[in-house]
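I opened the model today to look up its pockets.

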Amino acid sequence: EPYEKLELPPPARLLLNSLAGLDVGLFPRPYVHQTQSLEAFFERKADLIVATGTGSGKTESFLMPILGQLAVEAMYRPQSAALSGIRALLLYPMNALVNDQLSRIRRLFGSKRAAEAIRMGRALPVRFASYTGRTAYPGPRSSSRDRERIEPLFEQFYLPILNQPEKEEQLRAIGQLPEKDLVKFFAKDAEEVQVTRTGKLKRLRNWKNRLFTQSDDRELMTRHETQARCPELLVTNYSMLEYMLM
């Protein structure tokens with residue numbers, strides 16, 4: 001059945017119906033197990049176990065209730081929706097599954113049109129982040145560690161791709177690029193000016209003015225970003241969760 005005929009809160013029906021027309025992996029008529037998941041979650045407040053074959057929409061079975069909850073919060077509890085805080089913890093046993101699911105989440109939550117629909121009047125977009133041992137980088141930030149851990153990723157991979165629109169479009173379509181303004185985030189030209197003892201001006205790359213989340217970013221990609229303002233959806237594994245709780 002279409003979403004309008006399901007026993008769901010009106011904001012959830014509205015959002016899911018909007019997303020179904022945006023080619024982000026949701027369909028106007030969800031599968032039976034997705035319908036059962038949605039109604040069990042919202043009507044009976046049930047915990048869910050979904051077991052189906054590969055490629056049959058298990059991921060959407062748990063993402064759609066999350067989307068519905070976000071919509072309900074935005075419409076009925078706007079003061080709560082304005083607060084920073086994790087709304088859903090997506091926990092996996094290994095990084096391979098984290099990476100696979102992250103690409104699906106990017107398609108759904110990262111798409112600009114989908115993100116605007118999910119936002120539903122919030123001041124900031126709903127954000128997600130992967131926080132695993134591969135997330136750059138542990139410990140406090142420093143200029144030398146930025147050069148070692150962050151710059152090669154941007155200089156050798158992200159920035160060259162952004163100069164190839166066709167390649168960028170292909171990678172975004174399969175969820176292989178972070179959903180954020182990578183150019184402004186990297187802030188390659190951020191500088192600070194120092195006056196030397198001889199009175200000359202010395203221009204330096206100012207690492208402290210870089211790697212800040214932009215207002216329209218849907219994804220957080222570094223540990224310090226996630227720590228500064230935690231995302232609504234946190235994707236991690238049980239080992240990293242244990243470290244975080246410690």
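**Entry 1: the largest pocket**

I worked on a predicted model. I began with volume, and the largest pocket comes to about 560 Å³. Next I listed its lining, which holds 20 residues. Which of them lie nearest the centre? I found Asn-99, Leu-102, Arg-106, Arg-134 and Tyr-158 there.

I then looked at where the lining comes from. Three elements, α5 (95-110), α8 (151-162) and β5 (219-220), each supply at least two residues. I noted α5 as the source of the largest share, with 4 residues. By class, I logged 9 nonpolar, 8 polar and 3 charged residues in this lining.

**Entry 2: the second largest pocket**

I moved on to the second largest pocket and read off a space of about 460 Å³. Its lining has 19 residues. Closest to the centre I noted Phe-41, Ser-61, Phe-62, Pro-65 and Ile-66.

Which elements give two or more residues to this lining? I wrote down α3 (58-76) and β1 (88-92). How many come from α3, which gives the most? The count for α3 is 9 residues.

I filed the largest pocket under α5, its main contributor with 4 lining residues. I filed the second largest pocket under α3, which gives the most to that lining.

Terms used: Residues are numbered from 1 along each chain as its sequence is written. This is a predicted model: local features need pLDDT of at least 70, side-chain atom pairs count only at pLDDT 80 or more; totals for chains, interfaces and linings use all residues. Side-chain values use heavy atoms; hydrogens and water are left out. On a 1 Å grid over the protein atoms alone, a cavity is a set of points where a 1.4 Å probe fits but cannot get out, and a pocket is an open set with protein on both sides within 12 Å along at least five of seven lines; lining residues have an atom within 4 Å of a point. Grid points are joined across faces, edges and corners, and a volume is the space filled by probe spheres set on the points. Ala, Val, Leu, Ile, Met, Phe, Trp, Tyr, Cys and Pro count as nonpolar, Asp, Glu, Lys and Arg as charged, and the others, Gly among them, as polar.
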